[in-house]
Amino acid sequence: MSSTFDVMVVGLGAAGSSALYHLSKTGKKVCGIDQFLPPHPYGSSHGQSRIIRQAYHEDPLYVPFIKRAYVLWEEIEKNSGKQLFLKTGGLMLGHPDTGVIKGAELSAKMHDIPYAYLSNQEISTRFPAFKPGNNVVGVIEENAGILFPEDCIKAHLEVAATNNSKILKNEKVTTIHTHSDVVEVVTTQGKYRANKVIIATGAWISEFIPELNLPLTVERQVLYWFKTNESRVRVDNLPIYIWEYAPGKMFYGFPDLGDGIKVAHHHAGEPTSVHTLNRNISQEEIDSMRNVISTHFNLNAAFNYGTVCMYTNTPDERFIIDYHPQHKNMIIASPCSGHGFKFASVTGRLLSQLALNEKPELDISLFSISRFNK
Ligand SMILES: Cc1cc2nc3c(=O)[nH]c(=O)nc-3n(C[C@H](O)[C@H](O)[C@H](O)COP(=O)(O)OP(=O)(O)OC[C@H]3O[C@@H](n4cnc5c(N)ncnc54)[C@H](O)[C@@H]3O)c2cc1C
């Protein structure tokens with residue numbers, strides 16, 4: 001046994017790196033560990049950009065979390081000296097009765113989020129890159145924008161290291177033994193002891209808690225960059241957007257940050273696992289996305305490159321942030337379902353509060369494990 005820590009964080013992606021940062025500010029003896037060299041392109045947190053927005057069409061219940069997340073992103077920006085957020089505004093597009101439009105408006109109204117409703121004509125005039133078909137309207141919110149995921153993870157880890165956290169990289173956790181008074185973390189290179197452990201292993205999470213039989217599924221997601229010289233897609237002229245083009249079916253994207261416009265489908269990927277994930281992108285997939293672009297944009301754009309990523313989904317698309325039901329010294333985090341990155345700054349804070357037996361500053365009952373038994 002080499003060391004005993006107050007808290008160990010297993011998995012240093014979006015959630016784990018943030019948890020480590022927040023723990024590191026408390027002066028506790030903490031350690032974070034990852035099987036790879038974070039930030040890396042093998043999990044759920046790569047690909048240059050993530051959307052952050054407040055008028056949350058999914059459910060107004062998320063808005064207090066997102067408001068707190070903005071404050072904590074600003075905090076880590078200040079503490080790390082890195083730019084992690086770029087404000088672009090955010091446009092939700094769809095027919096007036098789609099979930100994205102109605103949901104964004106509901107959250108904006110309930111939580112006093114500045115927004116405007118755009119007609120079809122107003123979308124075309126303000127953002128000439130878009131080709132909104134008949135009946136497509138928009139909800140635009142000014143505070144939405146882009147987080148740079150790799151830089152966010154780097155920032156959390158760098159400040160955690162400055163605060164004397166131990167960070168172990170390229171070291172895979174193989175087993176975790178929970179005892180009433182201590183947790184034993186076994187890795188490919190050693191054994192560690194901690195009073196508490198946070199499991200934030202993304203798409204690998206089920207491997208650590210098979211006994212809970214959580215209803216998690218892993219979904220393959222492809223990100224595409226299409227290159228164009230047109231100024232109408234540059235960051236000053238195009239907001240981040242989510243377009244619900246048929247009930248429940250969405251694609252989303254980002255302005256050109258240098259490599260072209262980035263576009264992706266939200267969900268609609270094939271079920272997969274960390275062991276069977278197909279990381280190759282077929283010509284058929286590229287052609288299909290090119291078709292989406294030519295239908296919805298006034299643009300000439302050529303495929304530049306793509307990457308494959310994983311969503312880890314719960315059936316209700318809400319996160320898991322909770323204690324293990326049988327082992328209160330184990331905290332479980334599955335904050336994905338394809339929309340977890342923007343919350344990572346606050347997720348890490350909540351995880352650190354659970355690990356230190358503090359009352360979480362926001363009501364996390366909607367992310368409980370017990371909801372799956374109801
Ligand atoms: C294509 C795509 C687009 C997305 N777009 C958005 C968006 O625009 N906005 C948004 O808010 N969210 C978005 N999301 C969701 C968001 O990115 C995820 O919710 C978030 O990245 C999940 O972070 P995580 O910490 O749970 O997992 P990860 O970041 O994958 O971290 C898990 C870590 O655990 C480590 N690990 C696993 N097993 C072990 C082990 N045995 N030992 C040691 N370490 C281990 C892994 O190496 C990894 O570093 C998107 C996700 C994808 C895939």
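In this predicted model, the largest nonpolar core comprises 71 residues, and Trp 73 and Ile 198 have the most contacts inside it. Helix α2 (residues 63-80) supplies the largest share of this core, namely eight residues. A second, separate core contains 31 residues, among them Phe 251, Met 289, Ile 293 and Phe 297.

The surroundings of Trp 73 can be described residue by residue. When neighbours within four places in sequence are left aside, Trp 73 is in contact with Ile 52, Leu 84, Leu 147, Cys 152 and His 156, and also with Phe 341, Lys 342, Ala 344 and Ser 345. One of these partners, Lys 342, also belongs to the group of residues that come nearest to the ligand.

The domain assignment of the protein chain gives two domains, each built from separate stretches of sequence: domain 1 consists of 4-46 + 150-213 + 316-373, and domain 2 consists of 50-147 + 217-313. The C-alpha centres of domain 1 and domain 2 are 27 Å apart. To the contact between them, domain 1 contributes 42 residues and domain 2 contributes 38 residues.

A polar side-chain atom of Lys 342 is 2.7 Å from an oxygen atom of the ligand. For Ser 44, a polar backbone atom lies 2.9 Å from a ligand oxygen atom, and for Gly 340, a backbone N or O atom is found 3.2 Å from an oxygen atom of the ligand. On its own, the ligand has 1,000 Å² of accessible area, and the protein covers 98% of this area.

Several secondary-structure elements contribute to the shell around the ligand. At least two residues of the shell come from each of α1 (14-24), β3 (50-52), β13 (217-227) and β18 (302-313). The contribution of β18, three residues, is the most that is given to the shell. Helix α1 is mostly covered, since eleven of its eleven residues are buried. The buried residues of α1 include Leu 20, Tyr 21, His 22 and Leu 23, as well as Gly 16, Ser 17 and Ser 18.

Most residues other than glycine have a negative phi, and most peptide bonds are trans. The peptide bond from Pro 38 to Pro 39, however, is cis, with omega near 0°. Pro 39 is located in the loop between β2 (30-33) and β3, and Gln 48 is likewise found in the loop between β2 and β3. Although Gln 48 is not a glycine, its phi is positive, at about 75°. With a relative accessible area of 29%, Gln 48 is partly exposed. A positive phi, of about 55°, also occurs at Asn 170, which is not a glycine. Asn 170 lies in the loop between β9 (166-168) and β10 (173-178), and at 43% relative accessibility it counts as partly exposed.

Definitions and conventions: Residues are numbered from 1 along each chain as its sequence is written. This is a predicted model: local features need pLDDT of at least 70, side-chain atom pairs count only at pLDDT 80 or more; totals for chains, interfaces and linings use all residues. Side-chain values use heavy atoms; hydrogens and water are left out. A nonpolar core is a set of buried Ala, Val, Leu, Ile, Met, Phe, Trp, Tyr and Cys residues joined through side-chain atoms within 4.5 Å. Buried means under 20% relative accessible area, exposed over 50%, partly exposed in between (1.4 Å probe, protein chains only). Helices (H or I, at least four residues) and strands (E, at least two) are DSSP runs, numbered from the N terminus. Contact means heavy atoms within 4.5 Å. A residue is near a molecule or strand if one of its heavy atoms lies within 4 Å of it. A polar contact is a pair of N or O atoms within 3.5 Å; within protein, one must be able to donate a hydrogen and the other to accept it, and residues adjacent in sequence count only if both atoms are side-chain atoms. Accessible areas come from the Shrake-Rupley method with a 1.4 Å probe; for residues, only the protein chains shown count as cover. Domain bounds come from an automatic or database domain assignment.
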